[in-house]
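Subject: Structure handover

Hello,

Here is the structure I promised to pass on. Please open it alongside this email, then read on for what turned up.

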Amino acid sequence: MREYKLVVLGSGGVGKSALTVQFVQGIFVEKYDPTIEDSYRKQVEAENQQCMLEILDTAGTEQFTAMRDLYMKNGQGFVLVYSITSQASFNDLADLREQILRVKDTDDVPMILVGNKCDLEDERIVSKEQGEQLAKQWRCSWMETSAKSKINVECAFFELVKLINQSAPIEAPKKDCCSSCSIL
């Protein structure tokens, strides 16, 4: 069974934990309790195969940034979350993305841009066009979600698995050059 290391990043209060817990446990966490770092495992069927998702729900506050390089190095795919009700949370993602690309030392990292809290349409500050435009600029997927209303929560994680599969397909087992030797 293939394992995927997914990392959920974004500013404090954007709903990273709410999205993760909604996906893993199917419940909405109403109260805001700042996360230091939580790890979740969930077995799912994605892309017609059983796989294990290891999801790291990260701290959104500045005091825990020292841990970032390590989980950015180990993560295979990244969910970059902002709240549609906060322009600052949207603006903060550029620095996180730059840090991911620097740590990974490549421009081709599977990531999805997620505008959370789309159920709060009347409080919207970040337009859909802004989200689409940034995703286009970064050449990544984008969608809006609501952990509270269960909108696109599964889609976001499954889309990231698909992106990881596209960037790092499962290799076919190597065959011996002939039946009497074991040179690969």
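Let me start with the contacts. In the protein, 71% of the contacts with a separation of 6 or more are between residues 24 or more positions apart. Please keep in mind that this is a predicted model.

**Overall make-up**

The protein has 5 helices and 6 strands. Along the sequence they follow the pattern β-α-β-β-α-β-α-β-α-β-α. The protein has 184 residues, and 46% of them are buried.

**Helices α1 and α5**

Begin with the pair α1 and α5. Helix α1 covers residues 16-25, and helix α5 covers residues 153-167. Their axes come within 9 Å and cross at roughly 90°. An angle of 65 to 115 degrees counts as roughly perpendicular, so α1 is roughly perpendicular to α5.

Which residues of α1 and α5 meet? From α1 come Leu19, Thr20, Gln22 and Phe23. From α5 come Val153, Glu154, Phe157 and Phe158. Sorted by class, this contact of α1 with α5 has 5 nonpolar residues, 2 polar and 1 charged.

**Helices α3 and α4**

Now look at α3 and α4. Helix α3 spans residues 87-104, and helix α4 spans residues 128-138. Their axes lie 12 Å apart, and the two helices pack at an angle of about 5°. Angles under 35 degrees count as roughly parallel, so α3 and α4 are roughly parallel to each other.

On the α3 side, the contact is made by Gln87, Phe90, Leu93, Ala94 and Arg97. On the α4 side, it is made by Gln130, Gly131, Leu134 and Trp138. The residues of this contact divide into 5 nonpolar, 3 polar and 1 charged.

Arginine 97 deserves a separate look. Is arginine 97 buried or exposed? It counts as buried, because its relative accessibility is 11% and the cut-off for buried is under 20%. Leaving aside neighbours within four places in sequence, arginine 97 is in contact with Leu80, Met111 and Trp138. Trp138 is also one of the α4 residues in the contact with α3.

**Aspartate 38**

Next, turn to strand β2, where aspartate 38 lies. The strand runs over residues 37-46. Aspartate 38 has 33% relative accessibility, so it counts as partly exposed. Not counting residues up to four places away in sequence, aspartate 38 touches Ile55, Leu56 and Asp57. Threonine 58 is 20 residues from aspartate 38 along the chain, and their C-alpha atoms are separated by 6.6 Å.

**The largest pocket**

How much space lies in it? The volume is about 510 Å³. The pocket is lined by 30 residues. Closest to its centre are Gly15, Ala18, Val29, Lys31 and Tyr32.

Which element gives the most to the lining of the largest pocket? Helix α1 does, with 4 residues. At least two residues of the lining come from each of α1, β2 and β3, where β3 covers 49-58. By class, the lining has 11 nonpolar, 10 polar and 9 charged residues.

**Where to look**

For a quick tour, take these stops:

- The crossing of α1 and α5, at roughly 90°.
- The packing of α3 and α4, at about 5°.
- Arginine 97 in helix α3.
- Aspartate 38 in strand β2.
- The largest pocket, with Gly15 among the residues closest to its centre.

Best wishes

Definitions and conventions
Residues are numbered from 1 along each chain as its sequence is written. This is a predicted model: local features need pLDDT of at least 70, side-chain atom pairs count only at pLDDT 80 or more; totals for chains, interfaces and linings use all residues. Side-chain values use heavy atoms; hydrogens and water are left out. Axes are lines fitted to C-alpha atoms, for helices over the stretch in contact, and angles run from 0 to 180 degrees between N-to-C directions. Angles under 35 degrees count as roughly parallel, over 145 as roughly antiparallel, 65 to 115 as roughly perpendicular and the rest as oblique. Contact means heavy atoms within 4.5 Å. Ala, Val, Leu, Ile, Met, Phe, Trp, Tyr, Cys and Pro count as nonpolar, Asp, Glu, Lys and Arg as charged, and the others, Gly among them, as polar. On a 1 Å grid over the protein atoms alone, a cavity is a set of points where a 1.4 Å probe fits but cannot get out, and a pocket is an open set with protein on both sides within 12 Å along at least five of seven lines; lining residues have an atom within 4 Å of a point. Grid points are joined across faces, edges and corners, and a volume is the space filled by probe spheres set on the points. Buried means under 20% relative accessible area, exposed over 50%, partly exposed in between (1.4 Å probe, protein chains only).
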